[in-house]
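The exercises below are meant to be worked with the sequence and the structure side by side. Try each task before reading its solution.

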2 protein chains.
Amino acid sequence: MTTVLIGPLQAHLFENVCFHAALLTVFGTVALDTTRTPFRTETRILGGAATFASISASMFSKTSIVAVVGSDMPQEHLGAIKSKGVDTKGIINIPDGKTFHYDSTFDYDLSNRTTNKTELGVIEGFDPVIPEEYAKSDYLYLANNDPQQNIKILKRFDGPKLIVCDTIEFWINKDRQGVVDMIGRTDGVVINDNEARLLCKEANLARCAKKILSWGSKFAIIKKGEHGAILFAADGLVFPASAYFLDEIVDPTGAGDSFAGGFLGHLARTGRSDFATMKEAVIYGNVMGSFAVEDFGVRRLLTIGHEDVEERYVKYRNLVQF
Amino acid sequence: MTTVLIGPLQAHLFENVCFHAALLTVFGTVALDTTRTPFRTETRILGGAATFASISASMFSKTSIVAVVGSDMPQEHLGAIKSKGVDTKGIINIPDGKTFHYDSTFDYDLSNRTTNKTELGVIEGFDPVIPEEYAKSDYLYLANNDPQQNIKILKRFDGPKLIVCDTIEFWINKDRQGVVDMIGRTDGVVINDNEARLLCKEANLARCAKKILSWGSKFAIIKKGEHGAILFAADGLVFPASAYFLDEIVDPTGAGDSFAGGFLGHLARTGRSDFATMKEAVIYGNVMGSFAVEDFGVRRLLTIGHEDVEERYVKYRNLVQF
């Protein structure tokens, strides 16, 4: 028998990198983004909520994606998603269709974004088809999308262990009741602070979370951008977490979706969803969000591996501990 | 020899409640505040940066205050400050003078404040006199005030071990160079995020902190209200800390000053200012800020004792640990 001495980072890696067999499916947009910051403009780069969430989740768990694109989506973009191990056969390609295109501008401190153009293209009226093997997914993430489409797709799954959704201003304004109904069918919600306020018609975030839980969800995570996130669960359990501290941010696009991917990915790989595991998952979410903003689009996420993720998790722990 | 078994909270109390002999002096405003929230209006209640900071610091350390009031300041208000053990003989009373009066309104979610009226009264042109025994203070906190007055008062002290200042928009707009000069004469700065951005002409908070340190300060704490605070020290050391989580906030007035009092009070009682102690001090600052906002003005701070502070510190640790 050989005894091998390992340091704390190695022990941590050993404990967490072993993949769990659970399948996580992400449903949402795969997009072309035109992103303008005060420093640079990037035109029609790979974006979309499901892209960020699935690439992020793939660092933790077996991940598949359901989405629709048009024939203008470059093959190398889809190849990039696949290169991270994401099962992309759920991405439908509509011949002669136009991929969802989102054009936006960030202000001087990258904290506010103005939409210049939203071209829905092929996502309008999309009737999602799910490859047979996805139906048995244990974990399902409904990245922001039409709540009615989300409710519809839920019926095509074979009772996932955990369903989490996000939503945005656009759907809250267009179909608030649909968003509330969708939330009632999920286990957890991941949502931005301002969108939580808009949805709940309530300024206080603790009361927003109570309202979301009263609609049938078991937990709510309110994301606060550079200020981190707060996890609210049943019985008044709360976990506020600072964001991982970065000196510079290049492009905030996709931070929230990468957060959701890391959060769900960690739950999927551990197979647990108790409060202590959810707290760890929030930190993994912050870690993935922090990588996402270090370059335009998904570029930074494409360059990192498990070791980078676990190393930053340990760094985060050291950073906030006192 | 008797062995006494104590629990972690008791051990923690035992370690931290023992007073250090160091004297901490706070210089700043003692005011009458009219505070309007969507729920209630309170007229001419006890307020002022030095009031909050000194009451907060007095939970940790021997604290004295230097300020000026008019004859309209009710005696019971000064009695309240004194009742917490603050040495108030540095509060000058100007006969027939009017106490500084600040009238403001908070918006629906208590996150923005509009100034209705600022009546400087006796603080205009005040030439601070310092009781002889204050001159030997080990710790000095210059709560927001005229930077020129702060620079002047510094000369009347006998080389404090640690000098910390705050400043606000009013002085940055009126005398930015004076604020920069003042910072160069201090060891640390405690400042709001938006005021840091205004002062440093820079949106990124990490770069703001670097600029403040380049002016001669050894550390900068950037306060972010309900989102907590970030401590920046030399050699790129950083500590982001979430705020203590509260379901409800009654009146945000004085949170930042109570933070500064708790922060400096903890440094004073331990006699240390290494990075690990400063991190603890930031948490004590958050704890004191969280008490301050639970009622109007200093009311909540007046009702709490050492045990409450240490208990919340332990609660905070449990809250954020993962």
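Two residues are counted as in contact if their C-beta atoms, placed from the backbone, lie within 7 Å. This is a predicted model, in which local features need pLDDT of at least 70 and side-chain atom pairs count only at pLDDT 80 or more, while totals for chains, interfaces and linings use all residues. Residues are numbered from 1 along each chain as its sequence is written, and chains are lettered from A and ligands numbered from 1 in the order in which they are written.

**Exercise 1. The meeting of the two chains**

Describe how many residues of chain A and chain B are in contact, and state which rotation superposes chain A on chain B.

Solution. Begin with the count: 20 residues of chain A are in contact with 20 residues of chain B. Next, find where they come from, taking helices (H or I, at least four residues) and strands (E, at least two) as DSSP runs numbered from the N terminus. The elements of chain A that give two or more residues to the side touching chain B are β13 (238-241), α9 (275-292) and α11 (306-320). Then sort that side of chain A by class, with Ala, Val, Leu, Ile, Met, Phe, Trp, Tyr, Cys and Pro as nonpolar, Asp, Glu, Lys and Arg as charged, and the others, Gly among them, as polar; it has eleven nonpolar, four polar and five charged residues.

Now superpose the copies by least squares on the C-alpha atoms of residues with pLDDT of at least 70 in both. A rotation of 180° with 0.0 Å of shift along its axis places chain A on chain B, with an RMSD of 0.0 Å, and that is the relation of a two-fold axis. Finally, 100% of the interface residues of chain A are also interface residues in chain B, so the copies meet through the same surface.

**Exercise 2. The sheet of nine strands in chain A**

Give the strand order of the nine-stranded open sheet of chain A, and explain which of its strands stand at the edges.

Solution. Two strands pair if DSSP finds at least two bridges between them. By that rule, nine strands of chain A form an open sheet with mixed pairing, in the order β5-β4-β1-β8-β9-β10-β11-β12-β13. At the edges stand β5 (87-94) and β13 of chain A, each with a single partner strand, so one side of each is left without a neighbour in the sheet. The twist averages 15° from one strand to the next, where axes are lines fitted to C-alpha atoms, for helices over the stretch in contact, and angles run from 0 to 180 degrees between N-to-C directions.

Helix α8 (residues 255-270) of chain A packs on this sheet, touching several strands, among them β1 and β8, and its direction makes about 170° with that of β8(A).

Continue with single pairs. Strand β1 (residues 23-27) and strand β8 (residues 139-142) of chain A pair in the parallel sense over four bridges, and within this pair A:V26 has A:Y141 as its bridge partner. Strand β4 (residues 62-70) of chain A and β5(A) are also parallel, over six bridges, with A:A67 opposite A:I91.
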